[in-house]
Structure formats: C-alpha cells, structure tokens
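Reader: Could you walk me through this one? I'd like to go through the sheets and then some side chains.

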Amino acid sequence: MDESCPLLDVQAGHRQKLCGSNYPLSIAFIVVNEFCERFSYYGMRAVLTLYFLSFFHWDENLSTAVYHAFSALCYFTPVIGAIMADSWLGKYKTIIYLSIVYVVGHLIKSVGAIPSLGNQAVHVILSMVGLFLIALGTGGIKPCVSAFGGDQFEEEHTSERNKFFSIFYLSINAGSLISTFVTPVLRGDVKCFGEDCYALAFGVPAALMVLALVVFIAGSGLYRKTPPQGNVLLEVCKCVGFAIKNRLKNRSRQIPKRDHWLDWASEKYSKQLIGEVKMVTRVLFLFIPLPMFWALFDQQGSRWTLQATKMNADFGIYVLQPDQMQFLNPLLILVFIPIFDLGLYPLINMCKFNFTPIRKMATGMILAGMAFGLAAVVEVKINENDMPRLVPEESLIRVLNLAKNPVQVTIQDQDLFQQPVEAFQNPVEYSKLILNGEEQSLRFTLQHQGLSLDFNYTVKEKSVYSLIVFEAEGSLSSRLITDLEAKPENGLAAVRFINGLSEDVNLTIDNKRFIAVQKNYSASEYSLLERDKYNNGKCITEMGEFTLELGLLDFGASYTIVITNVSGGAVKTWKSEDIKANNVHMAWQLPQYLLISAGEVMFSITGLAFSYSQSPASMKSVLQAGWLLTVAVGNTLVLVVAQAAPMAQWAEFVLFTVLLFAVCIIFSIMGYFYVSVDPEDLEEKEEKRETSSRGNMISLVTKKTKL
C-alpha cells in the first residue's frame with residue numbers, strides 16, 4: 001500500500017473519507033448493507049412459489065395469489081417507513097428498528113420450513129407471520145436506505161452523490177443476481193429431512209440479513225444523521241383532502257370558480273405548496289395505467305417459475321433448477337443498461353427520431369406484452385405433452401401385456417383395442433372409456449391362444465387405469481391398477497414397480513427404500529425422485545441381493561417398471577413410460593426473459609427519471625411513494641385474476657398480453673396530451689397566475705378552518 005495515500009483521509013472538522021476522494025467512508029457500510037439486504041430479499045422470494053407448491057401442497061393459483069399478496073405488501077409498506085423516518089424516528093433509527101423486525105421475520109420463516117416442527121397448520125402460521133414481518137421490514141427500509149446514503153454527502157459534492165446512486169443500484173442488482181442463482185441450489189441440490197431443504201434456502205438469506213444489520217450498525221459512528229423534518233407525503237395528502245372538502249362545502253353558484261381544483265386549498269396552505277402539489281398530480285395522473293406493467297413483470301417469480309417446472313432443464317453441463325431462471329433478469333439488466341444508454345438510444349437519436357420518455361415507456365410495455373405472448377406459445381407447446389383433461393363420466397385406460405404371447409382385449413360396451421396387444425408392447429397412449437355414471441362395472445374379455453377369459457372391474461369417472469395381463473400358475477390373469485392423472489410436480493419423476501417374481505422383494509434406489517412389493521405381479525405405490533440416472537439400485541430377495549438398473553428417470557415423466565426375472569448378479573426389468581417426459585426445453589424461456597428485461601430498462605428506469613424531472617425537489621419522495629404503489633397495485637391485480645378468474649395458463653398469459661396492450665394505448669394517448677415542463681418554469685408561471693387572479697378571489701369562511 002502506498003503510505004502517501006492512506007485508506008482514510010481525515011480532515012480537521014470533517015468526517016472520514018475514502019482515499020483521494022470526496023466519498024464519505026460511511027457509504028461503504030451502506031452499500032454493503034444494501035447488497036446483503038437485497039440478497040436476503042430476492043433469495044428468499046426466488047424459492048417462495050415452489051415452497052407453497054411443494055411444502056404446503058397448495059395448488060398453483062393459491063401459490064401465485066399468496067406470492068403476489070406478499071409482493072404487494074412489500075410495496076405498500078414503504079409508505080409506513082417513510083412516515084416513521086420523516087415524522088418520528090429519523091432515517092437511521094427507522095432502518096435499525098425495521099431491520100430487526102426484518103431479521104425476526106426471516107428467522108420465523110426459516111423455522112417454519114423445518115418439516116419436523118409441528119403440523120402443516122403450524123408451518124403455515126409461522127410462514128405467514130414471517131412473511132408479514134419481512135414485508136414490513138423490507139418495505140419500511142426501502143425509502144430510507146438510499147436517501148440516507150445521499151444524506152452522507154456534502155451539498156457541493158453532487159457528482160459524487162450521483163455516482164453513489166449508480167453504485168447503490170449496482171449493489172441491488174448484484175445481490176439479486178447472486179441470490180436468485182444460489183438459493184435455488186440450496187433448495188434443490190441440498191437435501192435435509194429427506195426432501196428439498198427449504199429451511200436452508202430461507203436460512204441463508206436470514207443470515208445475510210443479520211449481516212446487513214451488523215454492518216449497518218458498525219458504521220454508526222461515521223454517519224451523518226439528519227433529524228426528522230416532517231413528512232411531505234402526509235402534507236400533500238392533507239392539502240388534497242382539504243381542497244376536496246373545501247370545494248364540497250362551497251358549491252354555491254354565487255361563489256366564483258377557480259382555475260384548478262387544488263386552488264380550493266389556498267385558505268389554509270401556501271401557494272408554493274399548492275403549486276408543487278399541482279406539478280405532482282400531473283405526473284401521478286400518468287401513473288394510473290402503470291400497474292398493469294408490474295402485473296406482468298412480477299410474474300417471473302410465480303407463473304414463469306411454475307412454467308419452468310414443466311420443462312426440460314438439462315443444459316448438458318448443468319441441470320438448472322426451475323426457480324434459477326429468475327437470475328436472468330438482473331443479469332440482463334446489468335447487460336442492457338450500458339447497451340441501451342451507449343448504443344441504442346444514441347443510434348435512435350442519430351436517425352432523427354424523437355424517442356421521448358413517454359415513447360420509451362410505451363415501448364417497454366409493448367416488449368413486456370410480447371414476452372407474455374411468447375410465454376403463452378411456450379405454454380401451449382408444454383400442454384401438448386400433458387395428460388388429457390378428464391371430464392365427468394369419462395376415464396382413461398391402457399393395457400400392459402406381461403404375458404408371453406399377444407392378447408386381444410375387449411371391454412363391454414366399448415370399441416377399443418382393435419388389434420391384439422403384443423407381449424411387453426409399449427402402449428402409445430391411453431384410450432378413453434365412456435361410462436354411464438360416476439362409476440360402472442365393466443366386463444373385460446381376454447382372448448389368448450384360443451382361450452377366452454372374463455374379468456369384472458369397477459371403473460370410476462375421471463380416473464386413469466392400467467390393465468395388467470399376466471400368466472399365473474399356467475393360466476392367464478389380470479389386475480386393474482390406478483395410474484397418475486397428471487404429471488409429477490416440480491419436474492420430478494414418478495416411478496412404481498410391478499413384481500413379476502414368485503417371491504416378495506425390497507427395493508432400494510439412491511438411499512430411498514420403497515415398501516416391499518409382494519410377489520405375483522403386485523404393484524407398489526408411486527414414488528417421486530429427482531431427475532437422474534439410477535443404475536446402482538438394490539433388489540433384495542430370498543435368493544440374495546441384486547443390482548437394479550433403471551436408467552434415466554426424466555423430468556416430469558411417470559414410469560412403471562416390471563421386474564421380470566433374476567439373471568446372474570442383476571435383476572432384469574422392463575420400463576414403460578406412463579406419462580411422457582417434459583420435451584420443451586427451458587431455454588425456450590430465454591426470449592421472454594430477454595423481452596421483459598429490455599422492457600424493464602425502457603419502462604422502469606425511464607419512468608423514474610422522467611417523473612423525477614417533472615416534479616419539484618421537495619416532492620421527489622411523494623413521487624417515489626407513488627411509483628412504489630403502482631408496483632403494489634400491479635401485484636394485487638395478479639392476485640385477483642389468479643383467484644377470481646381461474647383459466648388455462650396459456651389463456652391467462654394471453655389475457656395479460658391483451659390487457660397490457662390496451663393499457664399501452666391508453667397510456668400513449670395520455671402521454672400525447674401531456675406537455676413536458678421544467679418545474680422551475682412552472683413555479684414561476686404559477687406565481688404570476690396567482691398574482692393576476694388574486695383580485696378575482698374572494699375570501700371564504702369555512703368551519704374549522706384558519707384563514
């Protein structure tokens with residue numbers, strides 16, 4: 001280290017600064033705190049939908065609804081944090097106290113994910129309490145941390161402050177990028193309590209939040225702590241409320257009209273505040289259509305993750321977890337920002353096209369809508385490989401011929417299986433049984449080598465069956481067994497065994513012991529396994545222990561494995577694929593992630609910069625609160641659609657696409673009539689207008705109002 005340039009530069013009467021710069025040392029603690037906090041939040045949220053689906057066994061709609069309810073709450077609570085900081089505690093204490101709440105929420109959430117701790121009701125209660133505290137913590141500190149970082153700079157160091165916000169934004173995306181890749185690995189690749197380790201996946205983000213709190217407190221002696229100075233948001237709400245109330249009290253035609261409805265607040269509030277509120281309301285009016293973009297954008301962690309569970313995730317050198325695909329968004333954001341700012345936007349300007357902020361935001365909406373259009377196409381292709389949807393008075397059936405010769409199968413009142421079923425013939429697909437009620441007793445006739453045998457079985461509606469035909473004691477026999485009605489969840493493989501031996505067997509695969517399978521073609525229950533090659537299993541019989549090779553059990557497939565005989569040191573098997581494996585690769589989600597990430601750069605970054613440029617300096621926090629509320633409302637929209645209008649997933653994607661395109665048209669029309677202004681010029685015009693109209697204004701006396 002060069003001793004002429006120490007790490008810290010301590011000047012008389014000034015706070016410590018980083019070497020050779022005007023950056024306060026305190027911002028290092030704030031940036032590290034933000035990185036850890038964002039790692040904590042996004043890491044926990046990345047696995048949340050699959051936690052609801054797999055751990056609680058909720059359906060997809062309920063899992064999606066609770067996920068977006070939590071996300072909405074995270075963007076409503078910043079208003080609480082801002083009020084606490086500006087009106088009561090100050091930013092520093094607010095961050096400390098709500099971070100403690102945040103940590104407690106994480107710890108409760110992690111404990112609630114331990115399977116051996118209580119029943120499902122206990123897990124749900126602990127998880128919901130934990131999520132509520134996390135939402136209060138992360139939302140409450142959201143408006144405080146970045147503003148607190150800005151407070152650390154001297155007024156004359158504006159360029160350093162602007163660069164700090166860039167570094168701050170980078171730390172957010174870095175934390176999000178790393179956590180959305182790492183926590184799904186902790187969930188899926190690490191096993192605890194015999195299943196996916198959600199306790200660890202939530203525990204690591206909890207540890208990062210503890211670290212964030214420790215780091216922030218460690219810098220306590222270096223911070224510049226400004227006292228609370230009153231909440232602008234509350235003042236704006238009071239001004240608007242008084243204007244509406246005053247106008248309703250003075251509806252007489254004898255009272256002169258005023259140029260703007262906010263002018264009715266002039267009896268109580270200053271002209272400067274009223275003028276600034278007018279500027280803000282112009283921008284907030286433009287915010288009305290924006291929640292629809294966020295309704296689509298935040299489904300990356302819910303609907304798109306659920307879509308990924310039904311896809312092939314094998315990339316050759318690495319098998320991706322379905323919830324890991326979310327890391328593409330922060331990665332693409334970091335790539336797209338310099339490409340757009342240094343390449344695309346200058347190129348468009350060279351083409352003499354006036355690419356205004358409103359047009360950029362509208363383009364972002366179009367890109368997000370296109371992303372959901374592609375998601376709908378992918379969903380349709382996924383569904384082509386799914387089991388048929390069953391309706392009342394209808395069931396599915398197939399035949400597994402485990403005998404040595406072909407068998408002709410005839411079912412009472414059904415026109416199925418025109419051709420004989422060959423021995424160990426792989427069934428192409430299930431056939432449809434039409435019943436005359438909720439259940440029906442049917443006669444099955446088997447013709448084999450000139451002999452005809454009848455069997456009666458009761459078949460229930462909306463069920464899937466396999467008729468097993470086999471030879472027992474020199475005669476033909478059969479069994480009707482129930483199959484899976486849908487693909488296994490989360491890309492798992494389902495497998496069951498039929499024991500064709502004359503003795504009972506015990507099977508062990510990858511340290512998973514299955515229930516003993518009885519002799520003479522008895523069938524085991526289905527067991528769920530991670531996608532993998534299973535060639536080191538064990539089959540234990542009365543004759544000894546034998547190797548069991550099953551080969552690849554693929555994503556989303558269901559298998560029936562028949563143990564035929566024992567030869568040498570191994571068990572011979574025959575494998576039938578009941579439900580075909582996921583054949584749409586997860587890489588097909590890449591185009592939709594590219595489009596929605598590009599849309600985010602155009603919509604979100606441009607929207608924030610534009611709205612800030614259109615408001616006075618004193619109202620920046622009000623606009624930030626309004627912007628965050630659009631995210632909350634967007635998540636609420638998804639919650640409503642998921643619960644109130646359940647539909648096929650591809651149709652839901654199309655619905656959101658159409659809604660966003662319609663909202664984009666409305667927003668474009670609103671933007672066309674919007675006149676961009678400089679807040680300073682508008683303030684001057686407002687003062688002149690107020691001066692010229694003062695003579696026409698008459699004093700109004702209202703109850704409980706000071707003039």
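Predicted model: local features only at pLDDT ≥ 70, side-chain atom pairs only at ≥ 80, totals over all residues.

Reader: How many bridges hold β8 and β9 together?

Author: Strand β8, residues 439-448, and strand β9, residues 451-460, are paired over ten bridges in the antiparallel sense. To place two of the positions, Ser 441 has Thr 458 in β9 as its bridge partner, while His 448 stands opposite Leu 451 in β9.

Reader: And what about the turn between β8 and β9?

Author: The two strands form a hairpin with two residues between them, and Gln 449, which lies in that turn, has a positive phi of about 55°.

Reader: In which sense do β5 and β7 pair?

Author: β5 and β7 pair in the antiparallel sense, over four bridges, and within that pairing Ile 397 stands opposite Ser 431 in β7.

Reader: Let's switch to charges. How many salt bridges are there?

Author: The count comes to 15 salt bridges.

Reader: Which partners does Asp 483 have?

Author: One of them is Arg 398, whose side chain meets that of Asp 483 in a salt bridge at 3.7 Å, N to O. This pair links distant parts of the chain, since Asp 483 sits in the loop between β11 (475-482) and β12 (493-499) and Arg 398 belongs to strand β5 (residues 394-401), 85 residues apart. Asp 483 also forms a salt bridge with Arg 496, where the closest N and O atoms are 2.6 Å apart. Here too the pair links distant parts of the chain, with Asp 483 in the loop between β11 and β12 and Arg 496 in strand β12, 13 residues apart.

Reader: Are those residues, Asp 483 and Arg 496, buried or exposed?

Author: Asp 483 counts as buried, at 5% relative accessibility, and Arg 496 is buried as well, with a relative accessible area of 2%. Arg 398 is likewise buried.

Reader: What does Arg 38 pair with?

Author: Arg 38 forms a salt bridge with Glu 37, and their closest N and O atoms are 2.7 Å apart. Arg 38 is buried, its relative accessible area being 4%, and Glu 37 counts as buried at 2% relative accessibility.

Reader: Now cysteines. Which ones form a disulfide?

Author: The structure holds one disulfide, formed by Cys 192 and Cys 197 with their sulfur atoms 2.0 Å apart. The torsion about the S-S bond is about 110°, so this disulfide is right-handed. Both Cys 192 and Cys 197 are buried.

Reader: How far is the nearest cysteine sulfur from Cys 74?

Author: Cys 74 is in no disulfide, and the nearest cysteine sulfur, which belongs to Cys 144, is 15 Å away. Cys 74 is itself buried, with a relative accessible area of 1%, and Cys 539 counts as buried at 0% relative accessibility.

Reader: Last one: where does His 123 lie, and what does it touch?

Author: His 123 lies in helix α6, which covers residues 120-151, and at 5% relative accessibility it counts as buried. The side chain of His 123 reaches the backbone oxygen of Leu 117 at 2.8 Å. Leaving aside residues up to four places away in sequence, His 123 touches Phe 55, Phe 56, Gly 112, Ile 114, Pro 115, Leu 117 and Gly 118.

Methods
Residues numbered from 1 in each chain as written. Heavy atoms only, no water. Pairing = 2+ DSSP bridges. Salt bridge = Lys/Arg side-chain N within 4 Å of Asp/Glu carboxyl O. Buried < 20%, exposed > 50% of the residue type's maximum accessible area, 1.4 Å probe, protein only. Disulfide = S-S within 2.5 Å. Polar contact = N/O pair within 3.5 Å; in protein donor to acceptor, adjacent residues only side chain to side chain. Contact = heavy atoms within 4.5 Å.
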